[in-house]
Amino acid sequence: MSLKLYPMPRRIDVQDGPAPRPQAEVVVAHDPDLPPQGYRLDYGPTIRLTYADEAGLRYAQQTLDQLRGTPMTEQQAVHIEDWPDFARRGFMLDISRDRVPARAGLRRLVEVLAQARYNHLELYTEHSFAYPGHEEVWQDASPLTGKDLRWLDDLCAARGIELVPNQNTFGHWERWLAHDSYRFRAENPEPQEFAGTLRPPSTLAPTEENARFITGLLEDLVPHFRSDRLNIGADETWELGTGESRARAEQEGLGTVFLDYVERVARPWTSRGHRVEFWSDILGSHPELMARLPEGTVPVVWLYDSPEHIATVIDRMSEKELAFSQAHGVDPEELRSFATRAQALIDADVPFWVAPGTGTWLSFVGRLDNALGNITDAALTGAEHGSEGFLLTSWGDCGHYDPLVISYAPILFGGAASWSLESNRELTHHLDGLLDRLVFMDEACVLGSALVQIGRVADALDAKTANSSPLFRAVQQPGTLEPHHVPSEDRLEAARRTLDTALEALQDARPAAPEGPVAVAETAQAIRWARFGVDLLRSGLVPGAEQNHGSSRAARRLLSRFDQLVAEQRRTWLLSSRPGGLDTSIDRFQPLRRFLVAASSERS
C-alpha cells in the first residue's frame, strides 16, 4: 500500500469506489464499545469517523489529516480500524546529568511526541528542580522552576500528553550528598569502593527521617502537575545494606529494607489515589517479596541493550568487567532480554511496565540498531504479559553530550512500536524518510538520512560494549577500554567514511522546521565528536589497546582538534539547552586532555 501513514494502523483495507472529494461530509460518532483510545475511519465519498473516547477522537483526526495530505494521485478509499497495544506510551528524558533543555527544546520534543502518539512524558530529576530552601544543591544547574513545569504541563495537556513528575528518592543522590549539609542523610557518608572504582555517596539511608524529607520535597514538586501519577525512581541503590542499614539488612534481608523504604515514600501518594512508579531492578532480585508489593505502585523494568547486542557483550566479557557488574549488583545473565529481566515479576504474575532506551547516551551519535532491537524486545515482552505501560528512556550518563535530535529516530520507532508493533515493524527501514517528512520537513531529504547513517556507526564497529559506544568511551574514559573493545582498523576506516559522508551531506540540508538549523548544527557537532573518537582509536594512543604505539605528533594534532571541539561544544550546547551543567559536562573531558598533553611531550 502506497499510503504514507504514521504510525501504520493495525488494520487498513482498500475499498472499492472513489476517495473523498476535498469538501466531503464528515460524520462523527461515539462508540464506547471500541477499545480504549481506538477508532474506525471510513475514508470515502462520505468520511465516517467513529471513536471510543477523547484520545480515540484525537488519533482518528490525526490519521484523517494524513490521509487528506496524501497526494491526489495516491488518494484511495480505505477502511481503518485502530487502537494501541499499550494504554500508556511514555517517554522519559534525563534532565539531571548536566543538560537541562531550554523551553524551545522542550516544546519541539512535545510536538514530536504528539506526532508519535505518546501520551505520557516524564523528566527524570535528581537536583534539577528549583526546590525552595535547597538553593545550595541546584543553584548552578539552571533548574526547571514551578513556572516552567506549569507551562510544560499546559503544553502537554493541549496535545493529549500527561506530564508526570519524576524525582529519584533513593539512589543517584550524588548531587545532594556532595554537600556537607545533606551528607548525613547518606547510607555511607564516605566514598565506597566497587570493583576497584571509588564512588562518592549516592544512596540515601532508608530511614523514617529521610522518607519524611523526601515527602516534603515531593509536596513542593507534585502540585505543579495535573497528573495523579508519580515516579519515585529508587534504582541502583548500590550502597544499601553497607552502612546505616547494615544491621537491619543482615537481620531482615536487603530486599525487605529496600521495599519498606519504597513503601514509606509511596504511601503519602498512594493514599491520595496516585499511581506510583518505581524502577524494579532491586525488587526483581528478591522474588520472595512479590506478594508484598505496595498497593498502588507499579514496578518498571528497564533494560537498554538489545538481546543480540548484549549476547555478544556477555560472550566477550572479561573477568574485570564481570567483577564490575557483580559489584554493582548486576547479574549479566539477567540482562539478556526483557523476559529474563522481568522473570521474577512474570512468575509472580505482578503487573509491570517495560522501559527500553533510545541508545543515545554514552555514544555521541547513538546506537540505532541496538535501540531498535531493544525497543522491539520491550514491546513484545510487554504486550505478551499485558503491560499497561511502555516508557522509552533517554538518559544522559557522564555529561549528556548527545543533543535531543539524536534521539528522534528511536522516539519515532518507539511511538509506533508501542502503538502497534506488528503493523509498524517495517518502519525500521524508513526512519530516514519519516524524519525528513514529519520532523524536519527537509526538502533535500538529507538530515533524516544523516541521522540514520551515523546512528548505525557504533553498532557496525563489532566492538560491542554494554550500554555505550567505544567511540565515546575512548574520548571520555581513556584507559578503560580493553583490547576486545577496540574495533579493527578496517571497521574504524569504514566508520570514518560514513561519518565524513554524513557531515558533508549536511551542508545541503534544507529543513523547513523552525528548529531545522539548530538540528543541523547539533548533528554536525555530534558527528565531529564521533570522528574524533574514531581517530583517537586509530592513533594508537588509547591506553590499554593492543596497538598502543601512537606518536607525540599524533597526540599534538588530536589535542588541537580536541580544544576546538570543546569550544564548539559550548556554542552548540546553548542552542537548545540551558547553561547550567555545561561547565560540569565539559570538565568530564579533562582526563583525556591531560592524557593528550602528556602524550604530546612523552612520545617520540
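Two residues are in contact when heavy atoms of theirs lie within 4.5 Å of each other. Keep that in mind as we walk through this predicted model, in which local features need pLDDT of at least 70, side-chain atom pairs count only at pLDDT 80 or more, and totals for chains, interfaces and linings use all residues. Residues are numbered from 1 along each chain as its sequence is written, and side-chain values use heavy atoms, with hydrogens and water left out.

Let's start with A521. Leaving aside neighbours within four places in sequence, A521 is in contact with R571, T572 and L575. A521 sits in helix α20; helices here are DSSP runs of H or I with at least four residues, strands are runs of E with at least two, and both are numbered from the N terminus. With a relative accessible area of 18%, A521 is buried (buried means under 20%, exposed over 50%, and partly exposed in between, using a 1.4 Å probe and protein chains only). A521 and L435 are 86 residues apart in sequence, and their C-alpha atoms are 16 Å apart in space.

Now look at the partner of this helix. The axes of α20 (residues 516–538) and α21 (residues 552–573) come within 11 Å and cross at roughly 155°. Such axes are lines fitted to C-alpha atoms, for helices over the stretch in contact, and the angles run from 0 to 180 degrees between N-to-C directions. The angle makes α20 roughly antiparallel to α21, because angles over 145 degrees count as roughly antiparallel, under 35 as roughly parallel, 65 to 115 as roughly perpendicular and the rest as oblique. Where the two helices meet, the residues from α20 include W529, F532 and L536, while those from α21 include L558, F562 and L565. The residues of this contact divide into eight nonpolar, three polar and seven charged. For this sorting, Ala, Val, Leu, Ile, Met, Phe, Trp, Tyr, Cys and Pro count as nonpolar, Asp, Glu, Lys and Arg as charged, and the others, Gly among them, as polar.

A second pair of helices gives you another arrangement to study. Helix α2 (residues 103–115) and α4 pack at an angle of about 20°, with their axes 10 Å apart, so α2 and α4 are roughly parallel to each other. On the α2 side, R103, L106, R107 and V110 take part, and they meet K147, D148, W151, L152, L155 and C156 in α4. This contact has six nonpolar residues, no polar ones and four charged ones.

Helix α4 (146–157) turns up again around α7, as one of the elements that cover the buried residues of α7; α9 (254–270) is among the others. Those buried residues are N210, A211, F213, I214, T215, L217, L218 and L221.

How much of α14 is buried? The count is 12 of its 17 residues, so α14 is largely enclosed by the rest of the structure. Among the buried ones are L368, N374, D377 and G382. Just after α14, G386 takes a positive phi of about 70°.

Finally, visit R292, in the loop between β12 (275–279) and β13 (297–302). R292 is partly exposed, with a relative accessible area of 32%. Apart from neighbours within four places in sequence, R292 is in contact with T256, L259, D260 and E263. R292 and D442 are 150 residues apart in sequence and 53 Å apart in space, C-alpha to C-alpha.
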